[in-house]
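Please open the model in your viewer and keep a selection panel at hand.

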Amino acid sequence: MPNVIVDKDACEGAGVCAEVCPMNVYDMVDAGGGKKAEPTRSEDCILCMACVNACPTQAITIEE
């Protein structure tokens, strides 16, 4: 099962990952006055890397 990791310090809450993920792995959750990506369904990840490639701050890594 893939391990989807979001660097909360690097995440700016753009939500691009949630938009591009075909498996709906991410939710945007409240985090100190803004939204941050949270991989709430990482077990559904199919390793397409769309989120990794789309993230404007490179805040996402996926470990196989």
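The tour that follows names what to select at each stop and says what is there.

This is a predicted model, in which local features need pLDDT of at least 70 and side-chain atom pairs count only at pLDDT 80 or more, whereas totals for chains, interfaces and linings use all residues. Residues are numbered from 1 along each chain as its sequence is written, and side-chain values use heavy atoms, with hydrogens and water left out.

Select residues 26-31 and 34-39, the antiparallel strands β2 and β3, which are joined by six bridges (strands are DSSP runs of E, at least two residues, numbered from the N terminus; two strands pair if DSSP finds at least two bridges between them). Valine 29 stands opposite lysine 36, and in the two-residue turn of this hairpin glycine 32 has a positive phi of about 60°.

Next, show lysine 8 and glutamate 38, which form a salt bridge with their closest N and O atoms 2.7 Å apart (a side-chain nitrogen of Lys or Arg within 4 Å of a carboxyl oxygen of Asp or Glu). Because lysine 8 lies in the loop between β1 and α1 and glutamate 38 in β3, the pair ties together parts that are 30 residues apart in sequence.

Finally, select cysteine 17, which is buried at 7% relative accessible area (buried means under 20%, exposed over 50%, partly exposed in between, with a 1.4 Å probe and protein chains only). Its sulfur is 6.3 Å from the closest cysteine sulfur, that of cysteine 11, too far for a bond, and the count of disulfides is zero (a pair of cysteine sulfur atoms within 2.5 Å).

Definitions and conventions:
Helix = DSSP H or I, 4+ residues; strand = E, 2+ residues; numbered from the N terminus.
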